[in-house]
Amino acid sequence: MKKWLILFGIIFVVQIPFNLHYHAYYYATHMKDDGDKYYRFAPLLGNNYLPQSYVPGYKIEHIDLREATKNVVTKTNVLTHKDKIEINPQFANYYPSKHQNDFYTITFSNDGKAEPDEELENLPNNTKQKAYASLNRFNQTLKENSRRPIINLQWLWNMWYQVSN
């Protein structure tokens, strides 16, 4: 009987890194917010494959790097019939009009904290609010559609996240 318990324990311990990697988007979007604008999925876009089923309606471009996959996510007609958002691991650009080159940029730190850039003078006054609203909509879509793990290790993900950042 002890052999089976030991074997089961070893299998469980070996499975932990795979669980955390495979369900990273689930864990990142289900972390508690502390009032600041964190988009913890952003760093994952630089090294963790994003399945299309996690963000229906968005276009994902997978750029294969040597040992990782960089994901660039775009969507037009997010909040209005003419806007566009482009999200990558370092920043998100919100275009109030997809036919113009003027955009609002939100830069992400290494832990996913949003740091807004200076607003361009020729953008409408509500561009910043629309940029965050479209980013929040993407985050919510990812949260709703990411695959839930069979064994939820959210506590371990949170602990690892606190230590690594």
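**A residue in the sheet**

Modeller: Asn-93 is buried, with a relative accessible area of 5%. Buried means under 20% relative accessible area, exposed means over 50%, and partly exposed lies in between (1.4 Å probe, protein chains only). This is a predicted model, in which local features need pLDDT of at least 70 and side-chain atom pairs count only at pLDDT 80 or more, while totals for chains, interfaces and linings use all residues. Residues are numbered from 1 along each chain as its sequence is written, and side-chain values use heavy atoms, with hydrogens and water left out.

Asn-93 is part of strand S4. Helices (H or I, at least four residues) and strands (E, at least two) are DSSP runs, numbered from the N terminus. The side chain of Asn-93 makes a polar contact, at 2.8 Å, with the side chain of Thr-105. A polar contact is a pair of N or O atoms within 3.5 Å; within protein, one must be able to donate a hydrogen and the other to accept it, and residues adjacent in sequence count only if both atoms are side-chain atoms. Leaving out residues up to four places away in sequence, Asn-93 touches Lys-84, Ile-85, Glu-86, Phe-103, Tyr-104 and Thr-105. Contact means heavy atoms within 4.5 Å.

Next comes the sheet. The open sheet has 6 strands in the order S1-S2-S3-S4-S5-S6, paired antiparallel; two strands pair if DSSP finds at least two bridges between them. Strand S1 (59-64) and strand S6 (114-116) are at the edges with a single partner strand each, so one side of each has no neighbour in the sheet. On average, and with direction ignored, neighbouring strands of the sheet are turned by 20 degrees against each other. S1 and strand S2 (residues 69-76) run antiparallel and are joined by 6 bridges. Asp-64 has Thr-69 in S2 as its bridge partner. Helix H3 (residues 127-145) packs on the sheet and touches S2, strand S3 (84-87), strand S4 (91-95), strand S5 (104-108) and S6, and its direction makes about 50 degrees with that of S5. Axes are lines fitted to C-alpha atoms, for helices over the stretch in contact, and angles run from 0 to 180 degrees between N-to-C directions.

Then there is the core. The largest nonpolar core has 39 residues, of which Phe-41, Leu-50, Ile-87, Leu-135 and Phe-138 touch the most other members. Helix H1 (2-22), helix H2 (24-29), S3, S4, S5, H3 and helix H4 (154-164) each give two or more residues to this core. Such a core is a set of buried Ala, Val, Leu, Ile, Met, Phe, Trp, Tyr and Cys residues joined through side-chain atoms within 4.5 Å. Neighbours within four places in sequence aside, Phe-138 is in contact with Phe-41, Leu-50, Val-55, Tyr-58, Val-73 and Ile-87.

As for the whole chain, 4 helices and 6 strands make up the secondary structure. From the N terminus on, the elements run α-α-β-β-β-β-β-β-α-α. Of the 165 residues, 40% count as buried.
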